[in-house]
Amino acid sequence: MTKTTALDVLLIQKDDTWDQCNWIVPLSKSLEGLTAEQAAWIPPSGGLSIWQLVNHMYYYNHRLLCRMQGKEPTLPAVDSNEYTFGNPGDPTDAAGWNTLLQGTTRLAQQLRDQLAALQESDLEAAYMDSEEKWAHELARWVLHDAYHAGQIVLLRRQQGSWKIVF
């Protein structure tokens, strides 16, 4: 039997967070069948829309992918985390919502491919110019996406658009 490595665990977690229905609802499933109108909906008590949550994840996932590839992120740094959410979305902009979904799907696959190309030794390297290691940053990233996928499911349940059984 082969030994399970830290990289193996990260890949399992990435797959479960994106599209494998195991212990949690993966992000791809939480977004399945969602319309622009549903994505732009804000709960009556206030808060963020699903569109904003996806914008936020896309922002950080894009920057992480660029860093993994050794490139400067093309999305600029922001003054505050609040800016990464953007506006709530336009309920009539199906094309804009579909573009964001397609970009999110493409980015998820690119991140998965980049993660699979890493070596165990890469996980021990310093993350950027910090004392953190890549392993720590990647572990937190997976949890970040899982957290927001859960928020999306909760918002869909609140609006009555969650009819997915897996």
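Visitor: Why is tryptophan 51 called buried?

Guide: In this predicted model, tryptophan 51 has a relative accessible area of 8%. Buried means under 20%, so tryptophan 51 counts as buried.

Visitor: And what makes tryptophan 97 count as buried?

Guide: The relative accessibility of tryptophan 97 is 1%. The cut-off is under 20%, so tryptophan 97 is buried.

Visitor: Why is the pair of tryptophan 51 and tryptophan 97 called tilted?

Guide: Happy to walk through that one! The ring centres of tryptophan 51 and tryptophan 97 are 5.2 Å apart, and rings pair if their centres lie within 6.5 Å. Their planes stand at 50°. Under 30 degrees would be stacked and over 60 edge-to-face, so this pair is tilted.

Visitor: Which parts of the chain does that pair tie together?

Guide: Tryptophan 51 belongs to helix H4 (residues 50–68) and tryptophan 97 to helix H5 (residues 94–116), so the pair ties together parts 46 residues apart in sequence.

Visitor: What makes the pair of tyrosine 127 and tryptophan 134 edge-to-face?

Guide: There the angle between the planes is 85°, with 4.8 Å centre to centre. Tyrosine 127 and tryptophan 134 are both buried.

Visitor: How many helices and strands does the protein chain have?

Guide: The protein chain has 7 helices and 0 strands.

Visitor: How do you know that the chain is as compact as a globular protein of that length?

Guide: Its radius of gyration is 17 Å, close to the 15 Å that the globule rule gives for 166 residues, so the description holds.

Key: Residues numbered from 1 in each chain as written. Predicted model: local features only at pLDDT ≥ 70, side-chain atom pairs only at ≥ 80, totals over all residues. Heavy atoms only, no water. Helix = DSSP H or I, 4+ residues; strand = E, 2+ residues; numbered from the N terminus. Rg over C-alpha atoms; globule rule 2.2 N^0.38 Å. Phe/Tyr/Trp six-rings, centres within 6.5 Å; stacked < 30°, edge-to-face > 60°. Buried < 20%, exposed > 50% of the residue type's maximum accessible area, 1.4 Å probe, protein only.
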